[in-house]
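Look over the sequence and structure, then read on.

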Amino acid sequence: MAYTRKEPVGVVGAIIPWNFPLIMFAMKTAPALACGCVIIVKPAEQTPLSALHLCELVLEAGFPPGVVQVLPGLGPVCGAALAEHQRVDKIAFTGSTAVGKLIQQAAGRSNLKRVTLELGGKSPNIIFADAGDVDWLAQEAQKACYINMGQTCCAGTRTYVEESIYDKFVAASRSHAMNITVGDPSNPNTAHGPQIDEKQFNKILGYIESGTQEGAVLECGGHRHGNKGYFVEPTVFSNVTDNMKIAREEIFGPVQ
C-alpha cells in the first residue's frame, strides 16, 4: 500500500520586503501556521514596526510563546543567519533577484532547506486599440504602474501600445501624470507619496537619467518633486526600445 503523509515542514524563516510590510507578514505567516509550522519573520530594516506590532497582537490573541517570532535587523546579518541556519527548515523570501540568489546558495550550503522565492518583476502591460477609450486606458495603465509610488514587484512598468493609438495614448499619459497630486501621504488629497528612502530615491533618478541618455523621450516628470523628502515626479517615457536599461531592469519607482 502506498500513501502520502503530509507533515509540517518545521521551522520557517520568512524574509519580507518593505513595500507592503503588513500584507507580506500575513501572506508568509498565515500559511505556515495553518500547516502546523512555527515561523521567524525577518522584516525589512526600513519597516520593522508593523511586524513588531503584529507580534504583540499574536501574543494578545493567545498564541503559545515562540510560535511566531520577529527578528528585526539588517539583511546581511539577520537574513543571512536565517538562510544559513541548520535548524531552519524552510525560507520564504520576497525581494530582489540578486538577494534571492544569495538565499538559494545559502540554503544549499547549509541543510538544503526548502526555498520559496518571490523575486523582482518587469511586467508588461499590452494595450490594444479596441480595448476602450484611450483616455481611460491611459489612466488604468498608470494605476498599474504607479501604485505604491511604483514600488510594487508586479507593477505594469513596460507599456506596449498598438501603433494606431500610440500618439494619443502617450499624450493622455503625459496629461494624467502631470496632474497627479504629489505630497504628504497623510493628506487625503494626495495621490502620490514619497519613495521609501534616499537609496531608492537615488536609484530611481539614476534609471531616469539612463533612459534619457539611451535615447528615450522624457515626456514629463523625471525630477525630484520639491526640495524636501524623497519625492519623485510621476514620469512618462516614450520611444523606449527593448534594449534600453529602463525596459530591461526593475526600477521600483514611478516611471512608465
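Accessible areas here come from the Shrake-Rupley method with a 1.4 Å probe, and for residues only the protein chains shown count as cover. By that method the protein has an accessible surface of about 14,100 Å², with 56% of this surface belonging to carbon and sulfur atoms. The model is predicted: local features need pLDDT of at least 70, side-chain atom pairs count only at pLDDT 80 or more, and totals for chains, interfaces and linings use all residues. Residues are numbered from 1 along each chain as its sequence is written, and side-chain values use heavy atoms, with hydrogens and water left out.

**Overall build**
- The protein has eight helices and nine strands; these are DSSP runs numbered from the N terminus, helices being H or I with at least four residues and strands E with at least two.
- Its C-alpha trace spans about 60 × 50 × 35 Å along the principal axes.
- Of the 256 residues, 40% are buried (under 20% relative accessible area; exposed is over 50%, partly exposed in between; 1.4 Å probe, protein chains only).
- Among contacts (heavy atoms within 4.5 Å) with a separation of 6 or more, 70% join residues 24 or more positions apart.

**Largest pocket**
- A pocket is an open set of points on a 1 Å grid over the protein atoms alone, where a 1.4 Å probe fits, with protein on both sides within 12 Å along at least five of seven lines; lining residues have an atom within 4 Å of a point.
- The largest pocket holds about 1,200 Å³, a volume being the space filled by probe spheres set on points joined across faces, edges and corners.
- Its lining has 38 residues, with W18, F93, G95, S96 and V99 closest to the centre.
- α4 gives the largest share of this lining, eight residues.
- By class, the lining has 18 nonpolar, 12 polar and eight charged residues (nonpolar: Ala, Val, Leu, Ile, Met, Phe, Trp, Tyr, Cys, Pro; charged: Asp, Glu, Lys, Arg; polar: the others, Gly among them).

**Second largest pocket**
- The second largest pocket has a volume of about 390 Å³.
- R158, T159, F237, V240 and Q256 lie nearest its centre, among 22 lining residues.
- This lining divides into 12 nonpolar, seven polar and three charged residues.

**Helix α3**
- C78, G79, L82 and A83 of α3 are buried.
- They sit on the same side of α3 because they cover an arc of only 135 degrees around the axis, taken from the directions from the helix axis to the C-beta atoms.
- β1, β2, β4 and α4 are among the elements covering these buried residues.
- The face of α3 turned away from the buried side carries exposed P76 and V77.
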